[in-house]
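Please examine the sequence and the model shown below. The paragraphs that follow treat charged side chains and their surroundings.

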Amino acid sequence: MEIILAPDSFKGSMKASEVTKYMKDSILEVFPESTIHDLPIGDGGEGTMEALINATNGSFTTVSVTGPLGDKVTAQYGILDNHTCVIEMAEASGLKHLDQDELNPLYTTTYGTGELILHALNHGYQNFILAIGGSATNDAGAGMLQALGADLKNNQNHSIHFGGGELQNLAQIDLSNFDPRIAYCNFIIATDVQNPLVGPNGASFIFGKQKGASAQNMHQLDDNLTHWANLVEHTTGIRLHDLPGAGAAGGLGGAFKAFFPSYFKEGIQVVMEYIQFEKYLKQADLILTGEGKIDQQSFYGKAPIGIAKCAKKYNVPVIFIGGSVEVDEKDLKDSGILSAFSLSNGPMSLEETFSKSEKLIKQTTKNIVKTFFHNQ
């Protein structure tokens, strides 16, 4: 039998590579002669860089950069080959660097993400994959642009400070010192977010709360992003206001659309191409995939659904494993998914599920494969 293991990370609990290892160990206990392809994945958020590094036998580079609140943090980016690198913006500017009481998109900045790009440019890389999930910011990518030489000036001709709250003071976008090497690079932006920059479905109102914004903050941030978009349109001729994807990562997506030679692609599609996922499907008997929470959001560009869609072309059955499962059986069937299993085998708190995650993933995987291959 041939089994593909392609889980995403279980956020807050296990990296995708850890989930894959636990699945593989448990299957080999039951079917030691089975062929297993361990292909951990990501969808543009946490784990995307690791998945691409694993697929290419790449390496990591560690850099000290500016964190979301201006302090120094240690971040990594991945080297895939002599010309290509992968950057997860969350490494420098992500929620993972902040405690709950520190979240504040009025002050958080993408400056460190710009520093990661600058470091890679200085080391000769010209092809970039940017995974922009997990953002703690709502500054429209202003900090990133500043790190790369753009001068964002207020009415007194001084540079504005960090954060989405500062955008209201912006009067001019001066690109005269913007790094000229960027024009000769290629940027693939890996994200599943299609939200516009502003409005009720924009960055501030849809994603602001998870970044610490109050209702009042969201209105202020949306007004500031509208002001930003007006200036960007005046400067570049590009209208970001209602452009799909411009609202990704607190408006960072819009900065790439306006100022970088870039194109957007679903994160899971980027990863599947690099790991050459389809070549493993021709002989596969089963695919196990999943993520921390399987709900209606999983059907909108998330990694497991991307796996299921691809598997459907080859009629390979797919089974989901999630920390929790909150979807209808019909929705699973319509997406070509055989079934979905939760790690929780009874009433269990989130903390308890996290603490027992290794045991639960092994137990659940073992039960699935024993049932699925019961005649072998």
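**Charged residues and their surroundings**

Asp 71 is partly exposed, because its relative accessible area is 45%; buried denotes under 20% relative accessible area, exposed over 50%, and partly exposed the range in between, with a 1.4 Å probe and protein chains only. The model is a predicted one, in which local features need pLDDT of at least 70 and side-chain atom pairs count only at pLDDT 80 or more, while totals for chains, interfaces and linings use all residues. Residues are numbered from 1 along each chain as its sequence is written, and side-chain values use heavy atoms, with hydrogens and water left out.

Asp 71 occupies the loop between strand E3 (59-66) and strand E4 (72-79). Helices (H or I, at least four residues) and strands (E, at least two) are DSSP runs numbered from the N terminus. Together with Asp 99, Asp 101 and Glu 102, Asp 71 forms a patch of negative charge on the surface. Such patches consist of residues with over 30% relative accessible area and no salt bridge, like charges being joined within 9 Å.

Thr 66 belongs to strand E3 and is buried, since its relative accessible area is 6%. Among the residues that Thr 66 touches are Asp 71, Lys 72 and Glu 115, not counting residues up to four places away in sequence; contact means heavy atoms within 4.5 Å.

Two of these contact partners of Thr 66, Lys 72 and Glu 115, are themselves paired: their side chains meet in a salt bridge (3.9 Å, N to O). This pair links distant parts of the chain, with Lys 72 in strand E4 and Glu 115 in helix H4 (residues 111-122), 43 residues apart. A salt bridge requires a side-chain nitrogen of Lys or Arg within 4 Å of a carboxyl oxygen of Asp or Glu. Lys 72 is exposed, as its relative accessible area is 54%, whereas Glu 115 counts as buried at 18% relative accessibility.

By this rule, the count comes to 14 salt bridges. One of them joins Glu 358 to Lys 362, with the closest N and O atoms 3.1 Å apart. Both residues lie in helix H13 (residues 357-372), four residues apart, or about one turn of the helix. Glu 358 is partly exposed at 36% relative accessible area, and Lys 362 is partly exposed at 24%.

Asp 242 and Arg 239 form a further salt bridge, their closest N and O atoms being 3.8 Å apart. Here Asp 242 is exposed, with a relative accessible area of 52%, and Arg 239 is partly exposed at 42%. Finally, a network of salt bridges links Asp 151, Lys 153 and Asp 174.

Methods. Patch = residues over 30% accessible without salt bridge, like charges linked within 9 Å, V, L, I, M, F, W, Y side chains within 5 Å. Areas by Shrake-Rupley, 256 points an atom, 1.4 Å probe, with all protein chains shown as cover. Lys, Arg positive; Asp, Glu negative; His and termini not counted. Charge placed at Lys NZ, Arg CZ, Asp CG, Glu CD.
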